[in-house]
Amino acid sequence: MDDGFRFRVLGPMQVLRDGAELRICASRELAILASLVLNAGRAVSVDRLIETVWTECAPPSARRQIAICVSRLRRILGAGVIETSSPGYLIRPAPDSIDWLRFQSLVARSRGEAAGKNREEAVRLLREALALWRGNPFEDIRGLRYDVARMEESRLEAAEACLELEIELGHHHQVIPELLALVAEHPFRERVRAQLMLAQYRAGRRADALRTYQETRRYLRDQIGLEPGPALRHLHERILRDESGLMRQPAHQAGMVVPSQLPPRVVPFVGRREELAALDAVLRPDPEMALPGTTVLSGPAGIGKTALALRWAHDRADWFPDGHLYADLEETEPAAVLGRFLRALGVPRADIPADLDEKVALFRSWTARRRMVVVLDRAADAAQVLPLLPGGANCRVIVTSTDPLDELVARQGAHREFVRPLATEAARELAGLLAGPAGAQAVTDLLARSSGNPLRLRMGAARIGSRAVSVTRSVTTSVTTGSG
């Protein structure tokens with residue numbers, strides 16, 4: 001056959017030769033050509049062509065009329081396109097000249113890529129295949145209804161396979177509108193409804209996922225008197241239990257930047273060996289031990305809670321290879337903090353929901369399988385902290401607060417450490433480091449005024465340093481003036 005021919009059957013049928021469309025208006029000729037194209041390379045019997053054109057009401061002259069129609073098609077298409085081959089006719093298309101065959105080839109190639117774990121390429125091939133569809137094929141040809149059903153089933157299976165791969169790649173936000181349209185178009189396909197539920201759940205829309213199940217159950221019972229199938233029921237139960245396996249996230253890409261938001265360590269830092277050891281014991285990521293994921297450092301202002309939290313988080317940074325998040329919660333709303341955390345984790349700004357509950361669910365989905373440490377500094381109460389707790393069993397959280405956060409301990413089983421003033425020797429060491437050349441009397445005065453509170457020690461040392469600089473400048477000015 002001439003390589004210039006293109007046959008488009010994935011929608012209203014079109015025949016192109018060298019880019020120009022050939023007009024075939026007669027319904028019988030279109031039905032015959034469609035049957036030959038769908039069976040390209042194979043002979044189609046005259047009896048089959050009669051059935052395609054007239055279904056069950058063929059006239060006595062049907063065979064003669066088929067021959068007349070084929071003759072007309074040969075005049076339009078040119079000699080040699082339609083061959084006579086017992087018991088009927090056939091066409092031999094050039095490779096890729098029929099969009100239906102190209103669709104099948106692309107889908108087959110995508111299966112091979114998916115089997116080789118190359119999901120991105122598999123999705124690209126499936127999207128290219130699905131883009132070939134321009135509408136419903138052969139709407140006016142009743143004799144091809146079974147062929148149309150087979151083609152439509154292939155299209156739906158390709159769409160489902162593509163969407164499933166995209167959900168696995170973490171594109172759940174993007175595919176939800178397409179899944180909603182597919183559910184509306186094919187309400188009995190439970191696989192599509194399951195994909196919609198999973199995508200909604202991973203996008204932080206748990207309530208929508210559960211609502212989708214209830215709507216599915218109601219529809220199936222009303223229409224055919226059946227409950228949803230076992231796969232859909234099992235997914236529903238897993239969503240109700242918030243199983244961590246549902247919250248699979250995209251694999252890290254090579255060179256991906258891991259968030260490292262910890263502020264610099266507070267220096268100099270002395271003492272606190274017992275407190276650091278206690279944090280080691282309770283915050284070590286250990287799948288064999290049921291350790292609390294959250295520790296509260298509570299104590300009065302300036303006692304060194306933040307310095308302790310940052311010292312431990314920096315020293316144990318290698319325990320948390322998937323990232324270190326930090327937020328100062330003083331006069332900060334959880335929604336704003338979640339937005340910053342999600343962006344730091346790689347969630348595109350456009351994919352971050354506005355609703356707080358959806359932000360919380362999305363944050364927990366993205367942290368479900370990570371080993372991370374989160375430092376929440378200067379928390380006012382438990383209500384401010386609860387939305388910011390990650391979802392992973394190997395995530396650890398340190399909260400600092402002047403409030404003991406009893407509710408967080410009661411509701412989340414958080415461990416609590418009351419941070420006390422520095423011991424005498426540690427306070428003396430810190431005062432000596434801070435006072436520098438100011439002398440023993442300055443250290444003694446610092447200790448007396450601070451009562452072991454590190455912030456008071458630091459503020460006192462800063463004032464001593466300021467006075468020393470002021471005196472030095474004054475002396476220098478006097479000497480300079482006198483010598484003038």
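This is a predicted model: local features need pLDDT of at least 70, side-chain atom pairs count only at pLDDT 80 or more; totals for chains, interfaces and linings use all residues.
Residues are numbered from 1 along each chain as its sequence is written, and side-chain values use heavy atoms, with hydrogens and water left out.

The protein chain holds 19 helices and eleven strands, where helices (H or I, at least four residues) and strands (E, at least two) are DSSP runs numbered from the N terminus. Of its 484 residues, 46% are buried, a word that here stands for under 20% relative accessible area, with exposed meaning over 50% and partly exposed in between (1.4 Å probe, protein chains only).

Helix 7 runs through residues 172–185, and its 14 residues reach 20 Å from the first C-alpha to the last, close to the 20 Å expected at 1.5 Å a residue; the expected span is 1.5 Å times one less than the number of residues. A kink of about 25° is centred on E178 in helix 7, the bend at a residue being the angle between axes fitted to the seven residues ending there and the seven starting there. The buried residues of helix 7 are H172, V175, I176, L179, L182 and V183. An α-helix has 3.6 residues a turn, so residues three or four places apart point the same way.

Strand 5 (residues 82–85) and strand 6 (residues 88–91) pair in the antiparallel sense over four bridges, pairing being counted if DSSP finds at least two bridges between two strands. These two strands form a hairpin with two residues between them, and S85 stands opposite G88 in strand 6.
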